[in-house]
Amino acid sequence: MNVEKLVVSWLGEHCGVPVYGEVPSEDEKPHGVFVTVERTGGAFGKDGIDRSMIAVQCWARSMVDASELAGKVASLAGSIEDEPDVAECSVNSLHRHPTAKKEPRYQVVLDMAVYV
């Protein structure tokens, strides 16, 4: 089970904005409001479980909008446990995370355990 693929697909169905596995090109960015998902760490496969740290970056036109989107993602996070391959999902942190270009962005870090 690829945890990034799982989270991209699940959030795409539940958060109401486009969700990507990487930042889209400038031409492809959907009006500045979208989510990206990337694995940032964790142990893979021990005891048949992938314990991963997932960064969910919430992009928007303003920091307030990015913060609200991040809050929505964080509030949805526990519901992904309803997926059969997900053993656990908890919010590790939610914080402001602007880009080097000062683009508005917040980040939600999830700690997940997924069956492999």
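Ala, Val, Leu, Ile, Met, Phe, Trp, Tyr, Cys and Pro count as nonpolar, Asp, Glu, Lys and Arg as charged, and the others, Gly among them, as polar. This is a predicted model, in which local features need pLDDT of at least 70, side-chain atom pairs count only at pLDDT 80 or more, and totals for chains, interfaces and linings use all residues. Residues are numbered from 1 along each chain as its sequence is written, and side-chain values use heavy atoms, with hydrogens and water left out.

I turn to the sheet. Helices (H or I, at least four residues) and strands (E, at least two) are DSSP runs, numbered from the N terminus. Five strands form an open, mixed sheet in the order E1-E2-E3-E5-E4, where pairing requires at least two DSSP bridges between two strands. E1 (19-20) and E4 are the edge strands, each with a single partner, so one side of each has no neighbour in the sheet. E1 runs parallel to E2 (residues 34-43), joined by two bridges; Val19 has Val35 of E2 as its bridge partner.

Which residue has a positive phi near 70° without being glycine? That residue is Lys102, in the loop between E4 (86-96) and E5 (105-115). Most residues other than glycine have a negative phi. Lys102 counts as exposed because its relative accessibility is 70% (buried is under 20%, exposed over 50%, partly exposed in between; 1.4 Å probe, protein chains only).

Finally, the lining of the largest cavity has eight nonpolar, no polar and no charged residues. H1 gives the largest share, three residues.
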